[in-house]
Structure formats: structure tokens, C-alpha cells
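Hi everyone, thanks for making time today. Let me put the structure up on the screen, and then we can walk through a few spots together.

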Amino acid sequence: MQAVALHPDVIVVVSRAYATSAVLVRGGTSEAFLIDSPVFPDELEALGALAAQAEFPVVGLLTTHGDWDHLLGSFALPEAPLGAAESTAARMISAPGEAQRELREFDEEMYVVRPRPLSLPGAQQLPVPGRVDLGERELELHPTGGHTADGMALWAPWAGVLVAGDYLSPVEIPMISASGSVSQYLSTLRVLEPLVAEAEHVVPGHGGPIEGERALAILREDRAYLEALEAQGADAPLPLARRTGAQRAVHAKNVERISPR
């Protein structure tokens, strides 16, 4: 697991699994949140120690969306309550056990042993768009959709850091899940664009933190890809730096999901 400080109040850790990003964000000296999570047990154990050592007093967990690899913070900080966008809380209620089942499948495939099962008690529902208090500061909450139907991005204006969820990744093309859509994804890019233009750093869900200027270039590439996906289907060109075998497989799934049945 890699850790990097983007600001005195923001530390990003990047998991060995899928380069999944998690963010410690502090609002003054009294309160901090953990946004999303790394994946492997040793990373989660180290994260709790890192928060204590860096004097980030975590009082709550936040998740950008309801995919299992972003919901593991309770392994690191079991006493911290979970907050989520109303759309994500509704997803967790409508599909109970989904995250636990998918985590078990990952662990079985990777031979991972965890100290206990994943516990996900009911999440506090956060209105999005909206704001949430963090000590002496406020985080802005902005709606996201397209990758999945649920989610939010979080903007820390005093630090110039945007936590984007599974958008604006330097290693993944836009990934449309069974509950997402191209139109929702394009709408999310419109929501994020002015924030990205203002950001010093953007933290995508996968790939580690990037500078705002690079994130803006990725946003434009993602928009071009999605528009081509709608118009050309399988023939849509992938962003040049993300034409890997794995991303071609993602593209094939995108084509399948947007094709009329």
C-alpha cells in the first residue's frame, strides 16, 4: 500500500488491489473521515495505525458508492459509523449481502483470509447534492451516476482535492455497470468538470491521485470515448493511454450493456 499527503489535511492510500484509492481527510484537529477503503487485510490494519500516527481522528466512514471494494473501512476502524449518499444507502437496503458476497468471491479467488466477516450496518443517508460538516470545515457532496446508478463525489475546497469515486481514472476507461448508463455517466462528467477545473488534485477510485490538469484531460478523453461508444459501439476507439487488454475487455462489456436486447 502506498500513502501520499496531498495537503496537511488530506492523505491518500492506494491499495495493491486494483490500485484502489482511499482518502483520510481532516477538518481541523478534532475530526477526520475515511473515504472509501483499501482492500487487503494488512492494508486495512496499517490504515488504522496511519490515521492515529498522523493525528487524523476518524469519527466516520464515507463511501463514494456501493461497490464492495469501497466498503471495507470498518475492518480498519470498526467503531466509526458509515455515511453514504441516499442513492447508495438505498442500494445497500435493496441488495442486502451483495457486498459481502462479492468480497467472499474475491477472497476465495485470491486466497485472502480476513479476521472476521464484513459487517455493514445501516448507513447514515446523506442528501446529495449537499454538504457534511467535518470539524471546522465542510465537505461538498455532488451526485454521480453512470458507472453505477448510485454515488457521490466529495469536494474539499480548502484543500483543493476532489474525491471522484470510480470516475476520471488514469488506468481504467469508463466502466458501465449493469445499473449504470452512458447518459448518466456523461451527466456526471458535466457535474465534475467545474470542480476538476478548480482542483489541485483529483483522487479517482482506481489509479491513485492525479493533478487537476491531468484529470481534466482524462475527463475530455472519457467524454469522447462515451460519445463514440454511443455512436459507433464496438468500433469506438479507447483513450490512447488505456488501450490495454484488460480495458479492451471492459469496452466489450460496455458494448454488450448498451446494445439493444
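Let's start with Arg214, which in this predicted model sits in helix α6, spanning residues 212–232. Now look across to Pro170, 44 residues away along the chain: the C-alpha atoms of Arg214 and Pro170 are 8.8 Å apart.

Next, please find helix α3, residues 86–94. Which residues are buried there? They are Thr88, Ala89, Arg91 and Met92. Looking down the axis of α3, these buried residues fall within an arc of 155 degrees, so they line one face of the helix.

Let's finish with the backbone in some loops. Between α4 and β7 is Tyr111, a non-glycine residue with a positive phi of about 60 degrees. Tyr111 is exposed, because its relative accessibility is 74%, over the 50% cut-off.

Leu168, in the loop between β11 (161–165) and α5 (182–198), also isn't a glycine and has a positive phi, near 65 degrees. Leu168 is at 0% relative accessibility, so it counts as buried.

Finally, Val128 and Pro129 are joined by a cis peptide bond, with omega about 5 degrees. You'll find Pro129 in the loop between β7 and β8 (130–134).

Terms used: Residues are numbered from 1 along each chain as its sequence is written. This is a predicted model: local features need pLDDT of at least 70, side-chain atom pairs count only at pLDDT 80 or more; totals for chains, interfaces and linings use all residues. Side-chain values use heavy atoms; hydrogens and water are left out. Helices (H or I, at least four residues) and strands (E, at least two) are DSSP runs, numbered from the N terminus. Buried means under 20% relative accessible area, exposed over 50%, partly exposed in between (1.4 Å probe, protein chains only). The arc is that of the directions from the helix axis to the C-beta atoms.
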